[in-house]
Amino acid sequence: MKEKKKFHYAWVVLIVCCMINFAGLGTIFNTSGIFFPSVTKELGIGTGDMSLYMTFLCLAMFVASPLVAKLLSKIDVRITLSVAFVVALSAIAAMSLYTEIWQWYLSGIVIGFAGAFIFYIPIPVIVQNWFHKKTGMALGIIGAFTGIGGAIMNPVIASFIDSFGWRTAYVITAIIIGVIVLPFTIFVLRFKPEDRYKPYGYAETLEDQETFKKENEKGVPVKVAITSLAFFCVIIIASFSGLISGLNQLLTSYGDTVGLTTTAAATLVSASMISNLLTKFLFGAASDKFGVKMTLIVSVLLIAFGFSLFFISHGTYATVFTASLLYGIHASVIIVGLPLITKELFGKKHFVEIFSYVTMGQALVKSFGFAVFGYMYDLSNSYEPAFTLGIIICVLMAVLTVGAFRSRRKMEIVMKKEIGESMQ
């Protein structure tokens, strides 16, 4: 019994993963839009054209995702993530020298390729390696740090832009991210438990160890999974979640269109990030208690309600801020919901390969989301068409979640016919 009370290294790994999310998705990804107004005004670039930077970033991430699945367990994760961060941060610092829009696109490609090794795939895999129990809670805590990163760094970077200009702010941002994350990825991170350690929640009795082993070996074969209706539903859910996430970088611009001050408009992104922080933890805990199916359905319907509030806000700050909070739930769907629903439907055994395909779908559609919403505004001079599309998408995601779980039985029947009793 004394052994169980000892501090488990899994919690150290969780802290490292929190720092990775703070620096990666929280800062590199979620603060990129804060530079857009200053850059577009100085260079005379349209919002849609500038948003293509994120399109190129996500397309590069889409292309690199299969490579991540292959290399993640073959190369020391400390080397992989550290090199990826250095490459991405170099591309961010280089933007301080740019004068043409194509140069941002080039940096977007570099950051996207490196980001594939940082943003979405590694964290769920590392967490499942280290946590046999409380996986949802761990993913929720770690995922919350994307919100913490965005909530803290958006106003901080905005102050850098106001004080030093956007060019210097790019360099300062890159340096800060490096100082925050590289000591953790180089010296502390471990991909999976070694001989000295067991996963958190690892059973002590022989009977429970056998159950633990069977749980890890349980899983739908990749070929069966990717040809199933359940997988089709999950891919569409991932794609839709990627699409609506494109609005996050445009909240500051939206605030400007409804008459908010620059500072007030910037807080809309912070509101989204605060929601990002809180709801990821809640999503993980709720999934552990009530199941990922119910948690996901409730989450997307709340996001739809948030989109509807943008319609009736008329620029009222309290309403817009509340709408941004509800919209911010979309991040918990991507960071916590997608890996959990993938694990729930297809098991652990082939999780990395199957989830890499899910991530590819999310990244591909996300690559167009930023530009789609940017051009929708340029063409209509309003964000209302984007909010309408968001409501429709969220309702469809709820329907697809139900469809994914209902079709799981059919997938199991097909699998039993082809490979016997592998699910058991």
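**Cavities and aromatic pairs**

The lining of the largest cavity is made up of seven nonpolar, six polar and two charged residues. (Ala, Val, Leu, Ile, Met, Phe, Trp, Tyr, Cys and Pro count as nonpolar, Asp, Glu, Lys and Arg as charged, and the others, Gly among them, as polar.) The model is predicted: local features need pLDDT of at least 70, side-chain atom pairs count only at pLDDT 80 or more, and totals for chains, interfaces and linings use all residues. Residues are numbered from 1 along each chain as its sequence is written, and side-chain values use heavy atoms, without hydrogens and water.

**Largest cavity**
- Its volume is about 130 Å³, the space filled by probe spheres set on grid points joined across faces, edges and corners.
- A cavity is a set of points on a 1 Å grid over the protein atoms alone where a 1.4 Å probe fits but cannot get out; lining residues have an atom within 4 Å of a point.
- Of the 15 lining residues, N30, Y120, H330, A331 and K366 lie nearest the centre of the largest cavity.

**Aromatic pairs**
- The structure holds 24 aromatic pairs.
- F29 and F119 pair edge-to-face, at 5.5 Å centre to centre and 70 degrees between the planes.
- Rings of Phe, Tyr and Trp (its six-membered ring) pair if their centres lie within 6.5 Å; planes under 30 degrees apart count as stacked, over 60 as edge-to-face and the rest as tilted.
- F29 and F119 are both buried (under 20% relative accessible area, 1.4 Å probe, protein chains only).
- F307 and Y327 form a tilted pair, 5.6 Å centre to centre with 55 degrees between the planes.

Technical notes. Buried means under 20% relative accessible area, exposed over 50%, partly exposed in between (1.4 Å probe, protein chains only). On a 1 Å grid over the protein atoms alone, a cavity is a set of points where a 1.4 Å probe fits but cannot get out, and a pocket is an open set with protein on both sides within 12 Å along at least five of seven lines; lining residues have an atom within 4 Å of a point.
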